[in-house]
Amino acid sequence: MDDSSAPLVRRTDDRGIAVLTLDSPHNRNALSGRLMDQLHRALDEAGADPGTRGVLLTHTGTVFSAGADLSEAVSGDPAAGPLRLAALLRAIVELPKPVVASVTGHVRAGGLGLLGACDVSAAGPDATFAFTEARLGLAPAVISLPLLPRLDPRAATRYYLTGEKFGPAEAARIGLTTLACDGDPAEALQPVLDGLRAASPQGLAESKRLATAGVLRAFDRDTEALAAASARLFASEDAREGMTAFLQRRPPRWAR
């Protein structure tokens, strides 16, 4: 059955919380153009809804997000994806409603940028994380906009360079997420969501503005340069080899 018109982001509402679910498990919730556009629109709608106190970002399947849709990156315009992703991440940071993420699966590369842009996040025991860009001939350029102001610098250096996989406790330690949970992160986040429900829209918006000021300064200063760097890398020979090798499930030529 042709599901090309099926929504990739679904919304439900739970007592003032707009629940946005990434629902593209066939490609591990990769950040395709369609998914990013739909998520951006859903965020805008939640931000404009006077009855919404916050947004809960969650996912179907075993992967929160695998990052860039490499099939699009190999065949499409290398400049389009980085600029679209930068706009989406900024939309999360600038949204006047807090955005909370609940992660029960794996997060890779660009998907980590979504977590970095969120205000609060919790990861369950099966979640894993990795900055895999360097192994593909790329770098975590655009996602550094929300991440570097929040990550432990030594940890960022290590994981950016090595692409090592790490778990929820380490993710919380280095500032990638807020909470590491032994059980369902949705349960651990209930006090957070109840706190948002008890707050005034003005109080939430102004409090978030204070907390995100440093992140927005990074967007103002570095978006153009980092998007250009990302586009250059995606168009490079190394990246083409790395992405093709990944799609073909073989090691790239430089792997030892």
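Analyst: Helices (H or I, at least four residues) and strands (E, at least two) are DSSP runs, numbered from the N terminus. On that basis the protein has 11 helices and 9 strands. Please keep in mind that this is a predicted model, where local features need pLDDT of at least 70, side-chain atom pairs count only at pLDDT 80 or more, and totals for chains, interfaces and linings use all residues. Residues are numbered from 1 along each chain as its sequence is written, and side-chain values use heavy atoms, with hydrogens and water left out.

Let's look at threonine 21, which lies in strand S2 (residues 17–22). Threonine 21 counts as buried because its relative accessibility is 16%; buried means under 20% relative accessible area, exposed over 50%, and partly exposed in between, using a 1.4 Å probe and protein chains only. Leaving out residues up to four places away in sequence, threonine 21 touches Leu8, Val9, Arg10, Thr58, His59 and Thr60, where contact means heavy atoms within 4.5 Å.

Now for the wider fold. Buried residues make up 50% of the 256 residues. Among contacts with a separation of 6 or more, 73% join residues 24 or more positions apart. A nonpolar core is a set of buried Ala, Val, Leu, Ile, Met, Phe, Trp, Tyr and Cys residues joined through side-chain atoms within 4.5 Å. The largest one has 52 residues, and Leu39, Leu43, Leu114, Phe129, Phe131 and Leu176 touch the most other members. A second, separate core of 10 residues includes Ile17, Ala122, Leu189 and Leu196. Finally, the C-alpha atoms fill a box of roughly 55 × 45 × 35 Å along the principal axes.
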